[in-house]
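Here's a quick briefing for anyone meeting this structure for the first time.

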Amino acid sequence: TLLPFISSSLMAQVTNSHPGDLLFAKQWYLKNQGQVITRNISELERSYQKGIVGKDINWVNPLELEAKIPENSEVIVAVIDSGLDINHPDLKNRIWYNAKLCKDLTNTKNQPCNGWNFINNTNDLKDDVGHGTHVAGLIAANQNKIGITGLAPKNVKIMPLKVIDAGVSGFVVNGKLFTDIVAEAMTFAINNGASVINLSMGWPKVVDTFK
């Protein structure tokens with residue numbers, strides 16, 4: 001962890017402004033107070049680099065914003081990625097729910113109530129890569145004394161749209177072009193009320209084309 005490499009005086013500064021989440025001190029991009037971060041040089045080598053105080057994104061605690069947000073002002077962020085751990089405690093009550101479709105249904109087994117898997121055309125959002133869950137947490141992780149702190153206030157909901165998994169290794173996936181799968185996810189996001197689309201995933205190099 002980073003904590004052994006932080007001086008006692010610096011640790012006091014971090015604690016005083018800490019929102020309560022265990023890993024907030026590592027989130028230098030939110031609040032850079034000179035934390036020491038680990039830099040990977042190679043598989044066997046690490047270095048420890050002290051941050052520059054103030055070199056961050058001028059983060060404002062989402063809790064300070066929530067009192068100013070009108071009720072029922074939900075903002076949907078579609079995360080097109082590797083799926084999502086929908087039971088992650090840091091994302092409780094932060095996942096989009098398709099109320100228009102699912103509210104009155106007795107059987108939601110094959111319905112996109114929380115998102116959709118465009119690889120297999122199911123509602124199985126299991127994240128076997130981890131990147132989708134990671135991105136969702138950066139956006140919307142709760143302040144709950146565990147994990148990290150997200151950027152967005154509680155009215156922001158994550159719409160997980162799975163377009164890649166650990167088995168994707170080529171341009172054609174289950175008989176469909178990878179680009180078509182991504183396009184389907186983007187269309188779904190737009191048609192279901194997403195205000196923001198996050199597309200920051202990685203993919204196999206074979207997927208890249210010159211045009």
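Let's begin with a close pairing: the backbone nitrogen of Gly167 sits 2.9 Å from a polar atom in the side chain of Asp165. Keep in mind that this is a predicted model.

- You'll find Asp165 in the loop that runs between strand E5 (156-162) and strand E6 (172-173).
- Asp165 is buried but has no salt bridge; Lys162 is the nearest side chain of opposite charge, and it is 5.1 Å away.
- Leaving out residues up to four places away in sequence, Asp165 touches Ile119, Asp128 and Val129.

**Helix H4**
- Helix H4 covers residues 131-140, and it is largely enclosed by the rest of the structure because seven of its ten residues are buried.
- The buried ones are Gly132, Thr133, Val135, Ala136, Gly137, Ile139 and Ala140.
- The cover over those buried residues includes strands E3 (75-81), E5 and E8.

**A nonpolar patch**
- On the surface, Met186, Ile190, Ile197 and Leu199 make up a nonpolar patch, and together they have about 330 Å² of accessible area.
- Leu199 comes in the segment after strand E8 (196-198).
- With a relative accessible area of 41%, Leu199 counts as partly exposed.

Notes
Residues are numbered from 1 along each chain as its sequence is written. This is a predicted model: local features need pLDDT of at least 70, side-chain atom pairs count only at pLDDT 80 or more; totals for chains, interfaces and linings use all residues. Side-chain values use heavy atoms; hydrogens and water are left out. Patches are made of residues with over 30% relative accessible area and no salt bridge: like charges are joined within 9 Å, nonpolar side chains (Val, Leu, Ile, Met, Phe, Trp, Tyr) within 5 Å. Accessible areas come from the Shrake-Rupley method with a 1.4 Å probe; for residues, only the protein chains shown count as cover. A salt bridge is a side-chain nitrogen of Lys or Arg within 4 Å of a carboxyl oxygen of Asp or Glu. Helices (H or I, at least four residues) and strands (E, at least two) are DSSP runs, numbered from the N terminus. Buried means under 20% relative accessible area, exposed over 50%, partly exposed in between (1.4 Å probe, protein chains only). Contact means heavy atoms within 4.5 Å. Lys and Arg count as positive and Asp and Glu as negative; His and the chain ends are not counted. A polar contact is a pair of N or O atoms within 3.5 Å; within protein, one must be able to donate a hydrogen and the other to accept it, and residues adjacent in sequence count only if both atoms are side-chain atoms.
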